[in-house]
Amino acid sequence: MSGPDTAVEAGAEEQEEDASAAEWTADDDWTDEALALLRALRAPHRRNRAKQIAFALYCTVLLLVVWGGIPSLGLFLQASMGADYTGYGPGLLAGLPSGAAAAGLAVLLLAVRDGLWRGPVVPPRATTDWLLAHPVRPRPVLRPWFWLSCALAVLPGLVAALGGMVALGLTVRTGLPAALAWCLVGGACLPLLGVCAGLLVQRDPRAARWARRLTPYATALVVAFAVQSALAVAGHPVHWLERVELWSGPWGWAGIAALAPTPAAVPGGLLAAALLVVPTALGLVLADRAVATVSLALLRERARTAAGVLAALRTVELRAARLAVSSASGEGGRLRVRLPAPRRPWLVLYWRDTLSLLRTPARLGRAVLLAVPALLCAVPAGDTRGLLSWAVTGLALLFGYLALAQLLEPARIETDDVRRSSWSPYPFAGLMLRHAVVPTALGLLLGTAGAGAVLALGGGAQAWLAPLAVPPLVAAGLVNACRGPARNDLLYRSPQPSGGSTGVLMFTAWYAAGPAVTVPLLALPLSVVLRGGPEAGPLPAAAFGLLLAAALLQWARLRAAALPRRARAAAAAAARA
């Protein structure tokens, strides 16, 4: 449905709501009776739901205790017997100011982005389509969902505060109660502030427009804070800039509170805690009152979107879920960019791909931002040995793959519906291989720029490995782009009739086949070059990368050739049915 039609329909729904609300009087208010009846009717379902929630909480607590509590207790026992972990303290305190600012801003950004497509107030479809259409007060119906969102948001903050307590207690020898109390200030207040901000974005179109406009800048700030934190840990802190970041907003105030019980405390810890607690309490009060002002048309739209995303996730259609979230968030905006039309027919495909990427600058921005942690992860790979060096190099390649995957969206759009390729004179497999040309060229340009930046900062010649890794990573992305519809049948298969199910592993191997093969294999020669051993010449690594890229492109060609056959078979089966 087109945008104007949707707007007209939404306006008509709002007018109907306003008219029906104007016709209702106090005598028509059956809110208490309706809720009492629903509580009675839903008592068995509510009991079953309570059992499911209790079991989920039990599993969550058990996992946290097994994977977090017991190892932490073991570390404290070792510390009591003489083990010294204080050597990690200076690095932790050096990276904490910018790192806390990055984490806090990321939490707020995620909450605001959630408000663009879902929001903290999203009752089930039955509530929005049936109950709220009747003469009932919306506030008693919507308040529980808002406070449920608050509780779910606080839970990760509590876990993060416990982790901060353990880290400060082991490395800085801070008292555990004081460390937990100060870490809880940011761990509890920042998620709650994010929920309040998400509600504002959900109910106010102007706030939603500002959230979309500011998202790229906020994302860039998160990456910049993370880079500064890594540089501070490496011994290059900028203290005056850290002070500015710490006092720049709630994301920094949480860092001031976390530093308060440590030797690196910043003056004004109590003030920062008050600046977090008071606005959070005020925001919760105002948000509780504003819950009832969310329009019914918007609630219906969000409930349908949330149900569609949940259905896509249950069937492991991750791309469908991502597209639904992007569409509901208003990320479909495109720039009006024009390029001169090519005079040679064989250039048309590359012209279309380039124009598509230029008109969606968000993808280009994400590619640049993801390239930054790729370069940062490659730096410590040269100072480590053995398996750790291979793992760090693999992490750098994974970020590089995610950066280059942003540039392969034209290829993924082509495989969403193979009928789109009917304009092309090439076979579908050849068309998909040609879709790798523009991402490879842009990736080489991005890798060269990153290598130049590393060299300008005093890095070694190993920085030129960045552009050398581009062809195999693009080929891996093309393999994934040609995987076709989700193979949900793999989730229920097991190669051993009497053994346990390995369906999840099989599905994961199918879903992430390209990077799962490329990243470990490519990390082997690159880690050797980064370590600078005697056999560390870049030519063997470059040759291996090109051979791997050729093999992956052949794999992608075979996958792409099978997609039209599957589409024709599915169409024939649907026609017979």
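Colleague: What radius of gyration does the protein chain have, and what would a compact globule have?

Modeller: The radius of gyration is taken over C-alpha atoms, and the globule rule is 2.2 Å times the number of residues to the power 0.38. For 577 residues that rule gives a value near 25 Å, and the protein chain has 27 Å, which agrees. The C-alpha atoms fill a box of roughly 85 × 75 × 60 Å along the principal axes. This is a predicted model: local features need pLDDT of at least 70, side-chain atom pairs count only at pLDDT 80 or more, and totals for chains, interfaces and linings use all residues. Residues are numbered from 1 along each chain as its sequence is written, and side-chain values use heavy atoms, with hydrogens and water left out.

Colleague: How many helices and strands are there?

Modeller: Both are DSSP runs, numbered from the N terminus: helices are H or I with at least four residues, strands are E with at least two. The protein chain has 24 helices and zero strands.

Colleague: Is helix α10 mostly covered or mostly open?

Modeller: Buried means under 20% relative accessible area, exposed over 50%, and partly exposed in between (1.4 Å probe, protein chains only). Helix α10 spans residues 250–259, and nine of its 10 residues are buried. Among them are W253, I256 and L259. Their cover includes α4, α6, α7, α9 and α11. Across the protein chain, 39% of the 577 residues count as buried.

Colleague: How many aromatic pairs does the structure hold?

Modeller: Rings of Phe, Tyr and Trp (its six-membered ring) pair if their centres lie within 6.5 Å; planes under 30 degrees apart count as stacked, over 60 as edge-to-face and the rest as tilted. The structure holds five such pairs. One of them, W346 with Y350, is edge-to-face, at 6.4 Å centre to centre and 75° between the planes. W346 is partly exposed at 48%, while Y350 is buried at 18%. Another pair, F507 with W510, is tilted, at 5.7 Å and 45°.

Colleague: Where do F507 and W510 sit in helix α22?

Modeller: An α-helix has 3.6 residues a turn, so residues three or four places apart point the same way. F507 and W510 are three residues apart in α22, about one helical turn. F507 is buried at 6%, and W510 is buried at 11%. With Y511 they form one aromatic cluster.

Colleague: Which charged end sits over the ring of Y511?

Modeller: A charge sits over a ring if NZ of Lys or CZ of Arg is within 6 Å of the ring centre and within 35 degrees of the ring normal. For Y511 it is R483, 3.8 Å from the ring centre. R213 lies over the face of W210, at 5.3 Å.

Methods: Contact = heavy atoms within 4.5 Å.
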